[in-house]
Every structure is written in structure tokens, then in C-alpha cells.
Amino acid sequence: MKFKSTAIAHPNIAFVKYWGKKDENLRIPLNNSISMNLGNLWTKTTVEFNDFDEDVVTINKNVAEGTAKERVIKHLDRFRNLSGIELKAKVVSENNFPMSSGIASSASGFAALTMSCANALKLNLSEKELSILARLGSGSACRSIPNGFTEWLTGTCNDDSYAVSLAPAEHFEIYDLIIIVKKEKKEISSTTGMQKFNPYFYARLAEVNENLNFVRKGIIERNLKTLGTYAEKDCISMHTTMMNSGLFYWEPETLKIMKEVWNLRKNGIECYFTIDAGPNVHILCLKDNKAEIREKIGELNFEILESKPGGKTMVIEESLF
Ligand code: DP6
């Protein structure tokens, strides 16, 4: 019997952010979050459990070491425990977006790893169970399991903290233009950053439900104004919280692009920004305004990645080894 499988997953961009956990080990978040899978970007992962001497993990053609490798091995252990096998594994993972592009690969990485392990070991898990397992690898990964626009329900324990699809990818054709300000890996990871608790976390919790309600409504009603207004508000709320922990992820260029987004809007070109734990700016817009926004931002000399909504994490026939 061959325990081998390959899966594809998309990273996601959060419109309402996850920042802070009520349980560190289980990765149970302080609040619900909502995101969109990025269909043009993907991670493919092949895993094989076999008579190997040790676990070997290769990411983008480099053999992983240190914490990156440990995190993957911990995830493989979860699957070994579930299926009752002790076999070591070979894991090969590839992204179609450069690791140095500043786009977090942990969400698509752990979503693809979860799906490939579950299928290789024939575990027959539901989407909810897959999302729960992906969450244990990296919180935001649970949102990459279901299709399109997804909401991670906070929950209270391991079994009820997972993501569901609010609408499929085809529901709303919006674009994420990812403006690359800096390519280097961020100095402080999200995992470490969100451990730096301060009183602003409470203030954020007081406003996050309103942001969730309007972003959800904006998605369902295909209304970019509602979605974008509250996504922008929530991004600023998260970054204010970060700054109060001494974490300044923005570069001067980040603010320059934020102001350019406000400027474009003043001139009737509808677009909104959101920013993760890094300096790159995601600009959300509709198809009709895309070219003009690309041109204006292009004048500022930034590299731009582009994506529309993406589907769920899936098993594929192709194999990476
Ligand atoms: C700023 O999912 O990377 O991108 O659960 O510790 O692995 P861990 O954190 P991670 O955090 C993502 C934080 C964020 C916001 C978001 O995607 O919601």
C-alpha cells in the first residue's frame, strides 16, 4: 500500500484580521476572521509516508531546517497519531509565488500539507475536520481549506474552531493587487508578534464584530464599498494594536500607497487597502478599475502581483516526486 498524495491550496488575504489567540497551543483566536483565497497564487505539496529513515522536508527546492522543519514534523505527527502509523515522510512543497515576495506561505503551506496527508493516509475527513487540522499548523491556514470567501469561527475548543465558506470563488469577481514594498522576510513573525499582548487588543475586540458584520454583508451582496470600507477599518485597527506592542510593520512606502488609494478614491476610482503583518499593500478593486490602478501605482515603481478569488484546497493527480 502506498501512502502518497498531492494537494494544491491557495494563500488568503484577510478582510477582517486574526490577531491574538485565547489558546496558544490550539491556535484558538480571539475573534472570528474573514478572508478570500487568492486563486492566482498556490502551494502544491506532495507527501509520502514510507520506510524512510527520517522526515525530509523540501520547500521550493531547499531542504528545510530549524523551526520551519520542526513545525512541519509536528504536523506530520498529528497525522501519524490519527492514523496510528509510525512511518517517516518525505514532503516536497512548491509555491508559484516567490517566498521572498512577502506573501505569507504558511496558510497555503499548511492547508496543502493537511489535505495531502489526510488523503495519503485515506483518513476520509470532512471539510470541517480538515480545517481544524490545518488550524493547528497555522491559524490562517484553516481559512484556505474551504472555497472562495471564508469565515473562521472562533469557537471555544479544538473541535469548534474552523472555517466555513461564505460564498464560492465565482460569487464576486474582485481583484487583489498586491503591491510589493519589500521582499525580505519580516523580522517578527505573526506567531511571535501576536503574543505581545497590550490593552488595545480589548479595544479591537469591541469593534471587530461590526467589521465582521459589514464585510460579510459586502461579500454576500457583492458590494465592494461595504466590504472595502470595513476591511480598511479593520486593517487600521489591527495595525494600531500591533503598534501599541512596538511592532511597526509599515515602511514609509506603505503609507505612501495607502494615501494613493485614498487619492484614487477621491478621484472616483473605487479601491480599498488592507495590509498583513508586513509592509506590502493589498489593493482591493473591481475589474473595470484594475488597469487604471495598476498604471497609477506602476508610476511609483512597485512590483505588483494580481489575484482573483480562489477555490478550496484540493487533491490533485500531479506529483512533485
Ligand atoms: C496578520 O496564521 O500566520 O496575517 O496561527 O501563529 O501561524 P499563526 O499565525 P498566522 O497569522 C496571520 C496573521 C495575519 C492576519 C490574518 O491573516 O488574519
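Modeller: I call a residue buried under 20% relative accessible area, exposed over 50%, and partly exposed in between, with a 1.4 Å probe and protein chains only as cover. The model is a predicted one, in which local features need pLDDT of at least 70 and side-chain atom pairs count only at pLDDT 80 or more, while totals for chains, interfaces and linings use all residues. Residues are numbered from 1 along each chain as its sequence is written, and side-chain values use heavy atoms, with hydrogens and water left out.

R27 counts as buried because its relative accessibility is 12%. This arginine is placed in the loop between β3 (21-23) and β4 (28-29), where helices (H or I, at least four residues) and strands (E, at least two) are DSSP runs numbered from the N terminus.

Side chains of opposite charge can pair when their charged atoms come close. With a salt bridge taken as a side-chain nitrogen of Lys or Arg within 4 Å of a carboxyl oxygen of Asp or Glu, the count comes to 15. One of them joins E94 and K61, with 3.0 Å from N to O. That pair links distant parts of the chain, 33 residues apart, since E94 belongs to strand β9 (residues 88-95) and K61 to the loop between β7 (56-59) and β8 (62-63). E94, at 22% relative accessibility, is partly exposed, whereas K61, at 64%, is exposed.

Within helix α1 (residues 66-83), D77 and R80 lie three residues apart, about one turn of the helix, and their side chains meet in a salt bridge of 2.9 Å, N to O. D77 is partly exposed because its relative accessible area is 34%, but R80, with 7%, is buried. Together with D55, these two residues are linked in a network of salt bridges.

R294 and E306 form another salt bridge, their closest N and O atoms being 2.5 Å apart. Here, too, distant parts of the chain are linked, with R294 in helix α8 and E306 in strand β15, twelve residues apart. R294, with a relative accessible area of 30%, is partly exposed, as is E306 at 24% relative accessibility. The loop between α8 (287-298) and β15 (303-307) holds N301, an exposed residue because its relative accessible area is 69%. Phi of N301 is near 70°, again a positive value in a residue other than glycine.
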